[in-house]
Amino acid sequence: MPSQLPLADGIPPPSPLQRERERYHQRQTVRSVLVAALSTAVVGTLLLLAITGAPGWDRVRESFLDPDVARESLPRILDGLWLNLRLLVVCAASALVLGLLIAFLRTLRGPMFFPVRALATSYTYAFRGVPLIIVIYLMALGVPGLRLQGTPGVLVLGGAAIVLTYSSYLAEVFRAGIESVHPSQRAAARSLGLSYRQTMRFVILPQAVRRVSPPLLNDLVAMQKDVGLISLAGPIDAVRAAEIAVGNTYNFTPYVVAGALFIALAIPLVAVTDWVTLRAARRQSAEGAA
Amino acid sequence: MAAPTADSASPADSTDPTNPADPTRPVLDCRGVWKTFGKGRDRTPVLRGIDLAVHEHEVVVLIGASGSGKSTLLRCVNLLERVDDGTIHLDGDDITDPRVNADAVRQRIGIVFQAFNLFPHLTVLDNITLAPRRVHRRARAEAEQAALDLLDRVGLAGKAREYPDRLSGGQQQRAAIVRALVNSPRLMLFDEVTSALDPELVGEVLALVSDLKGDGMTMVIATHEMGFARRVADRVCFLDRGVILEQGRPEQVLDNPAEPRTRQFLQRLLDTEPA
Ligand SMILES: Nc1ncnc2c1ncn2[C@@H]1O[C@H](COP(=O)(O)OP(=O)(O)OP(=O)(O)O)[C@@H](O)[C@H]1O
Ligand SMILES: [Mg+2]
């Protein structure tokens, strides 16, 4: 971009009109910042007053915002969160790979691939329909019930449940991306002698993934909190650790602690998502202008 | 190749398109090509028995009204569309045989589209070297050198590392032509390669196509640019509703058309063309 703006030399000094305009815009900017700050302060104060002035506020503060309980439960919950984080990374990677594979299988043409296609399609229908909690219960409680040799632990089974559910969502996102690439791109690639697979791999998929990276990341944000549902299967993650602490102290503060930690975990992911979305939007408008 | 079949679909002439000993055997030989789109009642014929032979070093220009089937014919030759009836031979190979390896055939034919169709996620250089590297398994350095040589020839050496959206339309189209050329095709197809360009960018692309004619490239060109057709064509074919109604030397077809419909088409072009 900067290379296209080598204007410095040829620009005449600003005229009085231009300077007056710039001053006006500056004044407007200062004004809007002030207005925003003031209205935020007013709204914040009102909210605070409304909450702390509520008749039950003191009891709520005691049972949800007790600093001592928070300090005491924090290490255990952090330990649990570390499990959530590792689980998130593994599940996200597996779900992305599996989702992409399923999306690819759904695009295969030809009668030979009919069963594969049908299977992939029913997979996305089934797992997008079933609540994640049920999948977790079925995996974590049902599979060990089969008493098969080498059944993995509940952590792996619960993780598998998350991967199964999320890969079906991600597969649909990928598929939408694949279908959004204009057919002329496929024609151009095939006309160069690229095979169907090479066309997919080098031409269609890279463009599709770029286009759908915002919704993909959005699903990963959703996943980062849903990994907390693994606690239903038994492993001691942040949610389960908070639950145990609540049971011991008869105080709900650990839930608030866990909630705050989940938000902290989400912030970087959400920020990346927003950034990628913004970039994608810019690129799209650049493409449109070209 | 399959054994030569009885030449039933050939009203053009009775020579055997697969005979390698025949010195006049064309590079491209379309015989009785039919193509319909749609199903049932909506079925509309777009190509209705096209006979067209293109010999080595020959430049054939297709003209005709919008919808007459020029693009469809080019796409059939490149196997982007499947023909219904008739045969197309490329250097004696029947490429309409359903058992033929379409990818291998397409490697022998270069096509350039109206909308460039460069890959937006790849640089110009990567656009051009994609097929040499992935299809022909050339080493990266070798493929890039070949690409850079060609880019230099068309005046785009400085743009090799740019993404397509940073190039002007004319530059993009020249890059697309290089992308097709780098595979050393036997035959080049051009489908209205200047229609999407601003008038001042048309010239640079047409000059490049003229250069290719100088190199002896065998080409089939669909275009609305009659001046260009006149300059570059060895033969002009007028397509009308899916048949080649008239063909011959450019001055003959363009200045002295025998068919009333050809005359009508050219007249309409003259009327709409800005003075
Ligand atoms: N995939 C398709 N499905 C259905 N109809 C099609 C398809 N492709 C082309 N057609 C139809 O075939 C006819 C011929 O189209 P074609 O693009 O070959 O014309 P053309 O001579 O290239 O026209 P133009 O000068 O506008 O490019 C048109 O009526 C078009 O609507
Ligand atoms: Mg066309």
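Arg128(A) and Glu172(A) join their side chains in a salt bridge, with 3.8 Å from N to O. The model is predicted. Over all chains, a search of the whole structure finds 28 salt bridges. One of them crosses between chain A and chain B, and the surroundings of ligand 1 include Lys70(B) and Glu192(B), a pair that also meets in a salt bridge.

- Arg128(A) is partly exposed, its relative accessible area being 33%.
- Glu172(A), in contrast, counts as buried, at 15% relative accessibility, because the cut-off for buried is under 20% relative accessible area.
- Both residues are part of a network of salt bridges that links Arg106(A), Arg128(A), Glu172(A), Arg175(A) and Glu179(A).

**Salt bridges within chain B**

- The side chains of Lys70(B) and Glu192(B) form a salt bridge with an N to O distance of 4.0 Å.
- This pair links distant parts of the chain, 122 residues apart. Lys70(B) is in helix H1 (residues 70–77) of chain B, while Glu192(B) is in the loop between strand S7 (187–191) and helix H6 (199–214) of chain B.
- Lys70(B) is buried, with a relative accessible area of 4%. Glu192(B) is buried as well, with a relative accessible area of 11%.
- Arg249(B) and Glu251(B) form another salt bridge through their side chains, at 3.5 Å from N to O.
- Arg249(B) is partly exposed at a relative accessible area of 44%, and Glu251(B) likewise counts as partly exposed, at 41% relative accessibility.

**Surroundings of ligand 1**

- Ligand 1 is surrounded by residues of chain B, including Phe37(B), Val46(B), Ala65(B) and His224(B). The run from Ser66(B) through Gly67(B), Ser68(B), Gly69(B), Lys70(B) and Ser71(B) to Thr72(B) is also part of these surroundings, as is Glu192(B).
- The side chain of Lys70(B) has an N or O atom 2.8 Å from an oxygen atom of ligand 1.
- A polar side-chain atom of Ser71(B) lies 2.6 Å from an oxygen atom of the ligand.
- Gly69(B) takes part through its backbone, where a polar atom is 3.0 Å from an oxygen atom of ligand 1.

**Interface of chain A and chain B**

- The contact draws on 21 residues from chain A and 24 residues from chain B.
- About 1900 Å² is buried between the two chains, and carbon and sulfur atoms give 59% of that area.
- On the chain A side, Ser191(A), Leu192(A) and Phe202(A) lose the most area to chain B, together 31% of what that side buries.
- The rule finds one salt bridge across this interface. Arg190(A) and Asp103(B) meet in a salt bridge through their side chains, 3.1 Å from N to O.
- Five residue pairs are in polar contact between chain A and chain B, both residues being at pLDDT 80 or more.
- Helix H7 (183–191) and helix H8 (196–226) of chain A are the elements that give two or more residues to the side of chain A that touches chain B. H7(A) gives the most, with seven residues.
- By residue class, the side of chain A that touches chain B divides into 10 nonpolar, nine polar and two charged residues.

Technical notes: Residues numbered from 1 in each chain as written. Chains lettered and ligands numbered in written order. Predicted model: local features only at pLDDT ≥ 70, side-chain atom pairs only at ≥ 80, totals over all residues. Heavy atoms only, no water. Contact = heavy atoms within 4.5 Å. Buried area = accessible area lost by both parts, 1.4 Å probe. Polar contact = N/O pair within 3.5 Å; in protein donor to acceptor, adjacent residues only side chain to side chain. Helix = DSSP H or I, 4+ residues; strand = E, 2+ residues; numbered from the N terminus. Nonpolar A, V, L, I, M, F, W, Y, C, P; charged D, E, K, R; others polar. Buried < 20%, exposed > 50% of the residue type's maximum accessible area, 1.4 Å probe, protein only. Near = heavy atom within 4 Å.
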